[in-house]
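Please keep the sequence and the structure in view while reading.

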Amino acid sequence: MNELHALRVFCQVVEMEGFSQAATKMGLSPASVTYSINQLEKQFGQRLFKRSTRRFSLTSAGERCYRTAQEILQQFDRLKNDMSCDFEQPRGPLRVEIASMLSSMHIAPALPAFLAQYPELQLSVSVSDRLVNPAEDRADVFIRIGAGNIPEMVSRPLLQPRYLCCASPDYFARHGRPEHPEQLQRHQRLGFIRSGAAAADDWQFIRGDERYRLAPSPLLSFNHSQSLCEVARNHLGLVYLLDCTLENYLKAGELEPILQEWAPPGAPINILYPRLRDRSHKIRVFVDFISELFAGKSAGH
């Protein structure tokens with residue numbers, strides 16, 4: 001007897017709630033399904049089903065067998081997939097959800113290289129800052145700021161960012177460069193509004209045991225970090241954002257940081273995917289690619 005095949009037949013009978021339904025689903029004859037179940041019952045020395053014309057039900061041994069059979073078949077399928085990964089090109093749809101402040105600056109520019117390496121993948125990317133539970137969403141992979149401890153998800157840390165206060169060189173030339181957080185009261189502070197928040201976040205500064213907190217100015221707030229950077233680049237005022245959002249502007253010299261010794265850490269950036277899919281080849285290659293991408297940023301952080 002092929003025990004794995006018999007267990008698959010048994011699970012299908014349970015899930016389809018009938019022998020003939022399972023036979024149709026699996027493309028087998030009813031006699032073949034009956035034979036597999038009879039052989040399993042002989043092997044275990046116990047009845048798995050209560051025979052009744054009125055209702056379909058499992059015995060207590062059948063319930064135990066079904067739970068264990070599911071685990072065995074899932075583990076075997078993962079093993080089979082894992083063993084074939086080194087020889088097969090990952091293919092098919094891959095749905096990814098990315099926090100907006102990470103997409104255009106860090107991830108989107110790297111995707112052509114990823115797809116050149118894996119041309120049989122069909123990548124669908126949603127850029128969003130929705131506060132959803134990844135375990136309840138339909139995406140395969142999530143790249144989020146925070147959201148690291150979700151029981152149903154595997155989470156891998158990508159980067160530990162910190163907050164920086166910046167403005168354009170022209171702004172500093174006209175208004176001076178603050179050397180202490182208290183001096184920010186005299187400056188135009190542009191606010192960032194997180195998704196789902198009613199108002200812009202306060203700015204916080206930490207140096208040893210010293211802590212300083214103040215609110216942004218009322219002049220202008222944005223719920224889109226790149227737009228806020230564009231406004232600051234055009235000399236309107238200071239911004240207080242995660243350094244991973246500011247990276248390109250800092251490299252180009254369009255924004256300059258101040259008070260770096262006061263810069264507090266932000267929420268870590270994590271990549272998450274459903275625990276039940278932790279052996280999916282296409283998920284694995286994407287997670288590895290993004291992890292390597294951010295490892296380079298961490299090294300130069």
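## Overall make-up

The protein contains 10 helices and 14 strands. The model is predicted. The protein has 301 residues, and 42% of them count as buried. Its accessible surface is about 16300 Å², with 49% of that area belonging to carbon and sulfur atoms. Among contacts between residues at least 6 apart in sequence, 74% join residues at least 24 apart.

An open sheet is built from 3 strands in the order 12-7-13, with antiparallel pairing. Strand 12 and strand 13 are the edge strands, each pairing on one side only. From one strand to the next, the twist averages 50°. As background, the strands of a sheet pair through backbone hydrogen bonds, in either a parallel or an antiparallel way.

| Element | Residues |
|---|---|
| Strand 7 | 163–167 |
| Strand 12 | 239–242 |
| Strand 13 | 256–258 |
| Helix 9 | 243–251 |

Strand 7 and strand 13 run antiparallel and are joined by 3 bridges. Cys165 has Ile258 of strand 13 as its bridge partner.

Helix 9 lies across strand 7, strand 12 and strand 13. Relative to strand 12, helix 9 runs at about 110°. Which residues of helix 9 are buried? They are Asp243, Cys244, Thr245, Leu246, Glu247 and Tyr249. Just after helix 9, Gly253 takes a positive phi of about 75°.

## Helix 1 and helix 3

Two packed helices are described by the angle between their axes and the distance between the axes. For helix 1 (residues 3–16) and helix 3 (residues 30–44), the axes come within 9 Å and cross at roughly 110°. Helix 1 is therefore roughly perpendicular to helix 3. The crossing of helix 1 past helix 3 is left-handed.

Which residues make this contact? Helix 1 contributes Glu3, His5, Ala6, Leu7, Val9, Phe10 and Val13. From helix 3 come Val33, Ser36, Ile37, Leu40 and Gln43. In general, an α-helix has 3.6 residues a turn, so residues three or four places apart point the same way. The helix 3 list, with Val33, Ser36, Ile37, Leu40 and Gln43, can be read along the model with that in mind.

Note on methods
Residues are numbered from 1 along each chain as its sequence is written. This is a predicted model: local features need pLDDT of at least 70, side-chain atom pairs count only at pLDDT 80 or more; totals for chains, interfaces and linings use all residues. Side-chain values use heavy atoms; hydrogens and water are left out. Two strands pair if DSSP finds at least two bridges between them. Helices (H or I, at least four residues) and strands (E, at least two) are DSSP runs, numbered from the N terminus. Axes are lines fitted to C-alpha atoms, for helices over the stretch in contact, and angles run from 0 to 180 degrees between N-to-C directions. Contact means heavy atoms within 4.5 Å. Buried means under 20% relative accessible area, exposed over 50%, partly exposed in between (1.4 Å probe, protein chains only). Accessible areas come from the Shrake-Rupley method with a 1.4 Å probe; for residues, only the protein chains shown count as cover. Angles under 35 degrees count as roughly parallel, over 145 as roughly antiparallel, 65 to 115 as roughly perpendicular and the rest as oblique. A crossing is left-handed if the near helix is turned anticlockwise from the far one by less than a right angle, and right-handed if clockwise.
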